[in-house]
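Hello,

Here is the structure I promised to pass on. Please have a look, then read my notes below.

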Amino acid sequence: PLFRGGGGYRTFDGYPGVEFTTRDCLHEVHDLTQMEEDYGCSAQRFFDQVQRTAEEQGLMSLLDERLDELVPVSVVEMFAKAYIEGILRLMTDLHFRPEPVAL
């Protein structure tokens, strides 16, 4: 699965149905999307925002020390989906037409 962060997802009592991935995995997403270069968003700020979003959605508690270095996979997936949809909308708005691929 995507967003494994070099290992399997982790689960915890008290968070039924929520799978967590590592800070390292989120840093890879941060680097891939060039959040620092394009938006001035540091890796720490991005991590904090993903954790806050997860808490607002009731997926985790920021007070639970077991989760200090983890984020819910579903929030990372939500970000990735929104990011890709935004790029696709931009490409459509710019009337981008991909070149046909010769097979």
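Predicted model: local features only at pLDDT ≥ 70, side-chain atom pairs only at ≥ 80, totals over all residues.

Tyr-15 is buried, because its relative accessible area is 12% and the cut-off for buried is under 20%.

Tyr-15 has an aromatic partner in Phe-20. Their ring centres lie 5.9 Å apart and their planes meet at 85°, so this pair is edge-to-face. Phe-20 is itself buried, at 1% relative accessibility.

Phe-20 also pairs with Phe-12. Here the centres are 5.6 Å apart and the planes stand at 75°, which makes this pair edge-to-face too. Both angles pass the cut-off, since edge-to-face needs over 60 degrees. Phe-12 is buried as well, with a relative accessible area of 12%.

Together, Phe-12, Tyr-15 and Phe-20 make up one aromatic cluster. The model holds four aromatic pairs in total.

Now the surface. Which residues gather in a patch of negative charge there? They are Asp-24, Glu-28, Asp-31, Glu-36, Glu-37 and Asp-38. Two elements each give two or more residues to this patch: α1 (23-32) and α2 (35-39).

Take Asp-24 as one example. Asp-24 sits in helix α1. Is Asp-24 buried or exposed? Asp-24 is exposed, because its relative accessible area is 55% and exposed means over 50%.

Best wishes

Notes. Residues numbered from 1 in each chain as written. Heavy atoms only, no water. Patch = residues over 30% accessible without salt bridge, like charges linked within 9 Å, V, L, I, M, F, W, Y side chains within 5 Å. Areas by Shrake-Rupley, 256 points an atom, 1.4 Å probe, with all protein chains shown as cover. Salt bridge = Lys/Arg side-chain N within 4 Å of Asp/Glu carboxyl O. Lys, Arg positive; Asp, Glu negative; His and termini not counted. Charge placed at Lys NZ, Arg CZ, Asp CG, Glu CD. Helix = DSSP H or I, 4+ residues; strand = E, 2+ residues; numbered from the N terminus. Buried < 20%, exposed > 50% of the residue type's maximum accessible area, 1.4 Å probe, protein only. Phe/Tyr/Trp six-rings, centres within 6.5 Å; stacked < 30°, edge-to-face > 60°.
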